[in-house]
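Please keep the sequence and the model in view while reading.

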Amino acid sequence: MAGRFARVLSGNRRVGILSLIGAGSLTVGFFLNREQNVNAGANVRRIYPASAEYPDLRKHNNCMASHLTPALYSKLCDKATPNGYTLDEAIQTGVDNPGHPFIKTVGMVAGDEESYEVFADLYNPVIKERHNGYDPCTMKHPTDLDASKIKGGLFDENYVLSSRVRTGRSIRGLSLPPACTRAERREVERVVIDALGGLKEDLAGKYYSLSQMTEQEQQQLIDDHFLFDKPVSPLLTCAGMARDWPDARGIWHNNEKTFLVWVNEEDHTRVISMEKGGNMKRVFERFCRGLQEVERLIQEKGWEFMWNEHLGYILTCPSNLGTGLRAGVHVSLPHLSKDPRFSKILDNLRLQKRGTGGVDTAAVGSTFDISNLDRLGQSEVQLVQTVIDGVNYLVECEKKLEKGQDIKIPDPISQFK
Amino acid sequence: MLQVDAIMPFGNTHNQLKMNYSAEQEYPDLTKHNNHMAKVLTPEMYANLRDKQTPSGFTLDDVIQTGVDNPGHPFIMTVGCVAGDEETYDVFKDLLDPVIEDRHGGYKPSDKHKTDLNPDNLKGGDDLDPNYVLSSRVRTGRSIRGFCLPPHCSRGERRGIESLSVEALGALGGDLKGKYYALKDMTDDEQQQLIDDHFLFDKPVSPLLLASGMARDWPDARGIWHNNNKTFLVWVNEEDHLRVISMQKGGNMKEVFNRFCTGLTKIEELFKAKGHEFMWNEHLGYVLTCPSNLGTGLRGGVHVKLPNVSKHEKFGEILKRLRLQKRGTGGVDTAAVGGVFDISNADRLGFSEVELVQMVVDGVKLLVEMEKRLEAGQSIDGLMPEQK
């Protein structure tokens, strides 16, 4: 919302502000003028130069650690977004968590939309590395939520057990989970459930606040596999997003239990469309319809989602920029998963495997969670099509191996279309 | 509007942003909470204090975050707030004074705390029965004036604290001569030895500590120093700047306390020689991160076998009258195993170090006496103590 920026700019300043109007979004850079404005306390705090504050990243293996040189730290460490979010806050999770056994983590988060601008010198190379070469400075991200463009999308249900598409959305003008105040978080909740209350027909549903749900409601949500719990992953807790739990957190879902929204977990909202079986086409159709309807409803009240043409939808973790979309299936691949070519096939199809418990789990038995690798640089339609084509190929491979036939590693598909 | 000079590079200090919302909108939901902070922090108090910050930028929400995130604890009534620097206790005294009063048995804002680290003033304590008293230990904490405390300090400050401490400890001699092991540099062998000695502290897992921000940047600038005899140990940058521990097997608490006082006094001298002093004032005594550790910051205790007494219906009452507290042998968050208890002083503030250790010595002596009586099938009714 422009309101926040207008308040900041018109306030009584004791320091010079440099205003930068970037393409597609209003950004404000802040430069501290220490001589003029530092009070006695701030002097005491800043007795150490940047070199003494630079984190020890020698044992670290995350994207932030790969790019945060002492010189870059020194350049950025005195800056803050208009809300007061700083570099040290953005990187705290990466400092506290040197690495992850399964994946190279990002190692930083955003506290607000402006973080991506104020600390662009660090976010941009991190984004480029994480998103396989996507360059925010020069490239534009396509958004396409027209589900009618999808071809195919009905999987063989002997193999595909369930289909799911998720993304996130942030409400412009309110800080993100690592940095938001209690009042802001409550405002996110209010705005979102107000909008969700306007959904109709197959999307009509109900909100369950985490702090107020009854034991019965809680048990039902657990049985439906809908309930999210307080984050335990140190990647999330070190970033500060679990503060004040469970205040202003909740779960909304439609009566049919096929469209679900998480409020104030890792992002302002996580939107999930899912069903048992292999009808990814219907899952994605509902996903697009629901998202567009929610967007229309918040716009009626003067709100909008955080989005810009370089980074697409703005979310807390740089890994979720662009579409924020993860479309996937739970699929049984007992033969293929034991084939030594499995990983290469997935790579070339631009797919990723996870255990059925989600990102931090390993597969159980031979049922895998298979989803798109990419988030940024391709549209929602393109990514879901990639998953559909890829999973079809995997199921074909599985069938061939079942019959004792051989399979082929497919040619790598192109990344940026 | 945003006051630029109050921006701090770490921690949840976006205080000015919160001023865009009313106090009611920001006030935490404490309806399910049971800690000292939640008992005291009314919406009115929150409204009065929320726009304040210490000179280093520590705010009310920083103070209370751990208490908001942790509604309660199964074994103890937690404090629910921490200090980010020495000035926290002054800037937020409207909140902390009643918390301190409630936590420290009625200690008033006008009360004065006595410090007494003269071990000669301790009577007895060298003859606790080692058949029952397995080990004796005294610990306290110290903060270096001028630096922010663990919830709020920057990496640079934390490293500064480490290097000052290592320098001071390096100058200790005699039976206090020892060595520093930085957590991030120790070899596997050193680590195993420290674990075997029960000296190694690990990254905090307690949500009480994590929520306050004191585990940031782990294990940077954290370490353990101990003397060659393994009877005097200093933790650097764990929950406080320094935790100082004197310990040994058996029941000679007098010796433990002697070493404790001697070591502490020497360390203080060494710091002063470099132009640094400990945070202390005549009202709060030694200033530490958690309000529960103010005053002496002292926990003097023993691991003692009390299988019979601990099952007695009046065990709780006896401990209360003796001003003692029980814990499991794993420390504050554990339960007792096999009838062996960690028994220590319940108080920290309003009594001197000598007085507190005297209570432990006298109290444990009585508890062992009771244990022996019950073992022999005799009654302990005649031994019931008065309220101290």
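## Terms and basis

Two residues are in contact when heavy atoms of theirs lie within 4.5 Å. The model is predicted, and for this reason local features need pLDDT of at least 70 and side-chain atom pairs count only at pLDDT 80 or more, while totals for chains, interfaces and linings use all residues. Residues are numbered from 1 along each chain as its sequence is written, chains are lettered from A and ligands numbered from 1 in the order in which they are written, and side-chain values use heavy atoms, with hydrogens and water left out.

## Nonpolar cores

A nonpolar core is a set of buried Ala, Val, Leu, Ile, Met, Phe, Trp, Tyr and Cys residues joined through side-chain atoms within 4.5 Å. Buried means under 20% relative accessible area, exposed over 50%, and partly exposed in between (1.4 Å probe, protein chains only). The largest core has 60 residues, and those touching the most other members are Ile171(A), Met280(A), Phe284(A), Leu336(A), Ile370(A) and Leu394(A). Among the elements that give two or more residues to this core are strand S3 (160–169), helix H13 (280–300) and helix H15 (380–402) of chain A; helices (H or I, at least four residues) and strands (E, at least two) are DSSP runs, numbered from the N terminus. H15(A) supplies the largest share, ten residues.

Leaving aside neighbours within four places in sequence, Met280(A) is in contact with residues including Phe155(A), Val165(A), Val329(A), Val384(A) and Ile388(A). Another core, of 58 residues, lies apart from the largest one and includes Leu164(B), Trp225(B), Leu322(B) and Leu367(B).

## Cysteines

How many disulfides are found over all chains? The search finds zero, a disulfide being a pair of cysteine sulfur atoms within 2.5 Å. The sulfur of Cys290(B) is 7.5 Å from the closest cysteine sulfur, in Cys81(B), which is too far for a bond.

Cys81(B) is found in the loop between helix H5 (60–69) and helix H6 (88–91) of chain B. Cys81(B) is buried, with a relative accessible area of 1%, and Cys290(B) also counts as buried, at 13%. Not counting residues up to four places away in sequence, Cys81(B) touches Met37(B), Val63(B), Thr66(B), Leu96(B), Val99(B) and Pro291(B).

## A sheet in chain B

Chain B has an open sheet of eight strands in the order S2-S3-S4-S5-S1-S8-S10-S9, with antiparallel pairing. Two strands pair if DSSP finds at least two bridges between them. Strand S2 (178–182) and strand S9 (324–327) of chain B stand at the edges with a single partner strand each, so one side of each is left without a neighbour in the sheet.

S9(B) pairs with strand S10 (residues 340–345) of chain B in the antiparallel sense over four bridges. Arg327(B) stands opposite Asp342(B) in S10(B).
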